[in-house]
Amino acid sequence: MRDDIFVYLRDDLPPHIHEMVSPNSDGTYTIIIDSTLSYTAQCEAYCHALEHIDYGHFDVDCTLSVQEVEAQAHHRSIKGEDFIQIAKKKQRKESRKVSFLKEHGYDFFRSAERRYLEPEG
């Protein structure tokens, strides 16, 4: 997941809408995904939304028609199933890292406390 994107699942989207993307005034994006879709379909919808963002379809200077925008977004390099595999691989890697840190006495709470509660200086 990216820090500049906020994702929400909703069950009240129209039946033919799998996801919606909205650019925010601070340069971030909000993606709303239909929660009634299967997990794989939700990943597909997320990837589709990312393509719109990455191709700059929300930029003010984008001159593509709606048909061109959709055609471009549907020719993505990653599919929902691939996204799931990538996410699982990253999760396993992060899990191993966390296990290693725990085994060696790393104090996650203290680290968070230092980072977020103590003033810089």
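How many bridges join strand 2 to strand 3, and in which direction do the two run? There are 5 bridges between them, and strand 2 and strand 3 (residues 29-34) run antiparallel.

## The model

This is a predicted model, where local features need pLDDT of at least 70, side-chain atom pairs count only at pLDDT 80 or more, and totals for chains, interfaces and linings use all residues. Residues are numbered from 1 along each chain as its sequence is written, and side-chain values use heavy atoms, with hydrogens and water left out.

## Overall make-up

The protein chain holds 4 helices and 3 strands (DSSP runs of H or I, at least four residues, and of E, at least two, numbered from the N terminus). Along the sequence, the pattern reads β-β-β-α-α-α-α.

Of the 121 residues, 27% are buried (under 20% relative accessible area, with a 1.4 Å probe and protein chains only). Among contacts (heavy atoms within 4.5 Å) with a separation of 6 or more, 48% link residues 24 or more positions apart.

The 3 strands form an open sheet in the order 1-3-2, with mixed pairing (two strands pair if DSSP finds at least two bridges between them). Strand 1 (5-10) and strand 2 (19-23) each have a single partner strand, so one side of each edge strand has no neighbour in the sheet. From one strand to the next, the twist averages 20°. Within the sheet, Glu-19 sits opposite Ile-33 of strand 3.

## A helix across the strands

Helix 1 (residues 39-54) lies across strand 1, strand 2 and strand 3, and runs at about 150° to strand 3. Such angles run from 0 to 180 degrees between N-to-C directions, using axes fitted to C-alpha atoms, for helices over the stretch in contact.

Definitions and conventions. Buried < 20%, exposed > 50% of the residue type's maximum accessible area, 1.4 Å probe, protein only.
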